[in-house]
Amino acid sequence: MGRERHRVCPWYEAYLFDNPLRRLVHSPARILGPYVDTGMTVLDIGCGMGFFSLAMARLVGPEGRVFALDIQPQMLRVLKRRAMRADLMDRIETRLIGDNDLGLDGGVDFVLAFWMVHEVPDQESFLRRTAAVLNHGAKLLIAEPFYHVKAREMEEVISVAARLGLTALERPKVRMSRAVVLERKR
Ligand SMILES: C[S@@+](CC[C@H](N)C(=O)[O-])C[C@H]1O[C@@H](n2cnc3c(N)ncnc32)[C@H](O)[C@@H]1O
C-alpha cells in the first residue's frame, strides 16, 4: 500500500485550521477524553503545531508523557512555544522524525494520528511501525480530513491495519473527518 502521498501541509498553512476557532469544531476533550487518562504515555504523530498535543498533556497530567512527533521543525517550534506558555513542557517531548522512523521502542498507551496518514507515502509501513510501539490493548485513533480522503481510501487503511493486528473498535464522530479507533490485539 504505497499510493501517492498527498502533499504535506506546509507549516504556514496550519494556521488556517489550527487557530482559536478550531475548538468549536474539534473539542479535544470530547475526541480524546474516552481514550487518554492520567499517567499514560501517549503519542501525537504528525502533531503539527500541537493543537491536540497540549490537550493530551493536560489529560495525562504531570505523571504522564506526551511524545509529539513531526517531520517539520517549524511545526515543533510553534508547539514548544505554545507548550511553554501553557506551562506543559514538563510532560511533552518533541521529536523531529523522518518519514520512516518513529524514534521510539514501545511502551505507548495511546496514539493519535490526526489528519496526517494521507500525507504519509507508505501507509502500510507507517501502520506497522505504529503498531510496533503500542502496548497490547493500546489504541490508535486515526482521523482523516473527508475532503482529502474518500470513504473507500479510509476502508483501505482500516483493512491494512487489520492485517497488521490492529482491530477496528469504533468509528467515532469527528467533524469534517473520517475516524476510526483501532486496538492492538496481538
Ligand atoms: C494537516 S497537519 C495536521 C496537524 C495536527 N495533527 C493537527 O490536527 O493539528 C499534518 C501534519 O503531519 C505531518 N506529517 C506528514 N507526514 C508525516 C510523517 N510521515 N511523520 C510525521 N509527521 C508527518 C506534517 O508535517 C503536518 O504537521
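User: How many residues surround the ligand, and which are the closest?
Analyst: In this predicted model, 22 residues surround the ligand, and the closest are Cys9, Gly46, Gly48, Met116 and Glu119; a residue is near a molecule if its C-beta atom, placed from the backbone, lies within 6 Å of it. Local features need pLDDT of at least 70 and side-chain atom pairs count only at pLDDT 80 or more, while totals for chains, interfaces and linings use all residues. Residues are numbered from 1 along each chain as its sequence is written.

User: Which elements give two or more residues to that shell?
Analyst: Those elements are α3 and β2, where helices (H or I, at least four residues) and strands (E, at least two) are DSSP runs numbered from the N terminus.

User: And how does the shell divide into nonpolar, polar and charged?
Analyst: The shell around the ligand has 15 nonpolar, 3 polar and 4 charged residues, with Ala, Val, Leu, Ile, Met, Phe, Trp, Tyr, Cys and Pro counted as nonpolar, Asp, Glu, Lys and Arg as charged, and the others, Gly among them, as polar.

User: Back to α3, how many of its residues are buried?
Analyst: In α3, 9 of its 10 residues are buried, among them Phe51, Phe52, Met56 and Val60. Buried is used for a residue with 20 or more other C-beta atoms within 10 Å of its own, exposed for 12 or fewer, and partly exposed for in between, with C-beta atoms placed from the backbone. Just after α3, glycine 61 takes a positive phi of about 75 degrees.

User: What about the largest nonpolar core, which residues have the most contacts inside it?
Analyst: That core has 56 residues, and Val36, Val42, Met56, Val111, Ala113 and Ile142 have the most contacts inside it. The largest share of this core, 8 residues, comes from α3. A nonpolar core here is a set of buried Ala, Val, Leu, Ile, Met, Phe, Trp, Tyr and Cys residues joined through C-beta atoms within 7 Å.

User: What is valine 42 in contact with?
Analyst: Leaving aside neighbours within four places in sequence, valine 42 is in contact with Val36, Met56, Val60, Val66, Val108, Asp109 and Phe110, a contact being two residues whose C-beta atoms, placed from the backbone, lie within 7 Å.

User: Switching to α4, which of its residues are buried and which are exposed?
Analyst: Met75, Leu76, Leu79 and Ala83 of α4 are buried. They cover an arc of only 90 degrees around the axis, which puts them on the same side of α4; the arc is that of the directions from the helix axis to the C-beta atoms. On the other side of α4, Pro73, Met84 and Arg85 are exposed.

User: What do the buried ones pack against?
Analyst: The buried residues of α4 pack against α3 (51-60), β2 (65-70) and β3 (92-96).

User: Where is aspartate 87, and is it buried or exposed?
Analyst: Aspartate 87 sits in the loop between α4 and β3, and it counts as exposed because it has 8 C-beta neighbours inside 10 Å. Its phi is near 60 degrees, a positive value in a residue other than glycine.

User: And histidine 26, where is its place, and what does it touch?
Analyst: Histidine 26 is in the loop between α1 (22-25) and α2 (28-32), and it is buried, with 21 other C-beta atoms within 10 Å. Not counting residues up to four places away in sequence, histidine 26 touches Ile31 and Arg175.
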